[in-house]
Amino acid sequence: MTFDKDKKNVFSAIQPSGTITLGNYLGAIKNWIPLQEKYNCIFSLADLHTITVRQDPKEFHKNILQTYALFLSCGVDPKKSIFFIQSHVHTHAELAWILNCYTQFGELSRMTQFKDKSSRYSENINVGLFCYPTLMASDILLYKTHLIPVGIDQKQHVELARNVAGRFNGIYGEVFTMPEPLIPKVGAKIMSLQDPKKKMSKSDSNRNAYISVLDSEEDILKKLRKVVTDSNSEIKYSGSMTGVDNLINIYCCITGKNVNEAEDEFRDKGYKYLKESVAAVVANELKPIQSKFDDYIKDLGYMEKCYKEAARQANDISKEMISRVFSKVGFVPK
């Protein structure tokens, strides 16, 4: 892939958990695919971020490869995008250290995800967990990123990247591009099937709370039949994060219909019909992804070729920025 100077740059990354939830797919990855036609896209598996929580090395290695295969299966095209594994591009860690020195302790203390993860993993509140938003800022700023496709819950990280970039630019001149969040109008946040006040997450202890992209049609139907709905039998979008809202949102994300069209379609229908209809469109959406995944995961040689070439390209592009930053700070050239 070659960068087009007339196009804006887009960067996004996701941690390699081994699978992808329906929330990850609809809220992020599905929105990435059309961006490849309009922008210079750089996508990454954020494996450096993942080790802020203890990982089993063998399982972690497997998860990275499986997640890479899943992204290819969802439509990330190595010919149209740069799609690399974060730890293969050394400039990310290098810039993160420098930006740590331009990030305030109070800024990181206020990060919502740090508060959440430190309470969930109280036995391992490590420094990486505290300062990983600065690594995220370096991910973004290395590539002169204009737009970051994120869910609403990630907007805080974009604001931190902007704050740090602004502080650095204020000292040394216009070095970093100021990034902007690109939040989809529909599907920005798919919620738990069991608690629609919480984001859908693979880390949920209740397996019925999320759908994996690799779930069978039977499992998808079982999980959606167990979705908590309202005591009122009317199928109407309330905007108050109910189970019905979540189902309608999922349906609209996949079918492309708006909320009013979905309400019309399900008017005078029961919750059973709604759940089964959503299950049908979800299963139909995921079938081709699952089929492609089976092919990619069997061809590790092809994937290795893809992520090594992507890392080479990412290193070449990001070296320009890291050299400029080193020069501005006053480091002696290598």
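Predicted model: local features only at pLDDT ≥ 70, side-chain atom pairs only at ≥ 80, totals over all residues.
**Nonpolar cores**

Let's start inside. The largest nonpolar core has 59 residues, and Tyr25, Tyr68, Phe71, Leu224 and Ile250 are the members that touch the most others. Helix 12 (residues 271–297) supplies the largest share of this core, with 10 residues. Apart from it lies another core of 37 residues, including Tyr102, Cys131, Val164 and Val175.

Leaving aside residues up to four places away in sequence, Phe71 touches Ile14, Ile20, Ile29, Trp32, Leu45, Val76 and Phe83. Phe71 also belongs to a cluster in which ring pairs link Trp32, Phe43, Tyr68, Phe71, Phe83 and Tyr307.

**Helix 10**

Ile250, named above among the core members with the most contacts, is one of the buried residues of helix 10. What does the covering of its buried residues include? Helix 1 (22–38), helix 9 (217–225), helix 11 (259–266) and helix 12 are among the elements that cover them.

The geometry of helix 10 (residues 243–255) can be checked too: at 1.5 Å a residue, its 13 residues should span 18 Å, and the end C-alpha atoms are 18 Å apart, which agrees. Just after this helix, Gly256 takes a positive phi of about 85°.

**Aromatic pairs**

The count of aromatic pairs comes to 16. One of them joins Phe84 and Tyr143, a tilted pair with 6.1 Å from centre to centre and 45° between the planes. Phe84 lies in strand 3 (residues 81–85), while Tyr143 lies in the loop between helix 7 (127–141) and strand 4 (147–149), so the pair ties together parts that are 59 residues apart in sequence. Phe84 is buried at a relative accessible area of 0%, and Tyr143 counts as buried at 2%.

The rings of Phe266 and Tyr273 are edge-to-face, because their planes stand at 65°, with the centres 6.0 Å apart. Here Phe266 is buried, at 0% relative accessible area, whereas Tyr273 is partly exposed at 38%. Tyr273 has a charged neighbour as well: Lys269 lies over its face, 5.3 Å from the ring centre. Likewise, the charged end of Lys223 sits over the ring of Tyr210, at 5.1 Å from the centre.

**Salt bridges**

Side chains of opposite charge can pair when their charged atoms come close. The structure holds 17 salt bridges, and three of them are listed here.

| Salt bridge | N to O distance |
|---|---|
| Lys30 and Glu285 | 2.9 Å |
| Asp264 and Arg267 | 2.8 Å |
| Lys319 and Asp316 | 3.8 Å |

Which parts does the pair of Lys30 and Glu285 tie together? Lys30 is in helix 1 and Glu285 in helix 12, so the bridge joins parts that are 255 residues apart in sequence. Glu285 is buried at 16% relative accessible area, while Lys30 is partly exposed at 25%.

Lys319 and Asp316 both lie in helix 13 (residues 300–329), 3 residues apart, about one turn of the helix. Lys319 is partly exposed at 40% relative accessibility, as is Asp316 at 39%. Both belong to a network of salt bridges that links Glu309, Arg312, Asp316 and Lys319.

How values were computed: Residues numbered from 1 in each chain as written. Heavy atoms only, no water. Core = buried A, V, L, I, M, F, W, Y, C linked by side-chain atoms within 4.5 Å. Buried < 20%, exposed > 50% of the residue type's maximum accessible area, 1.4 Å probe, protein only. Helix = DSSP H or I, 4+ residues; strand = E, 2+ residues; numbered from the N terminus. Contact = heavy atoms within 4.5 Å. Expected span 1.5 Å × (residues − 1). Phe/Tyr/Trp six-rings, centres within 6.5 Å; stacked < 30°, edge-to-face > 60°. Lys NZ or Arg CZ within 6 Å of the ring centre and 35° of its normal. Salt bridge = Lys/Arg side-chain N within 4 Å of Asp/Glu carboxyl O.
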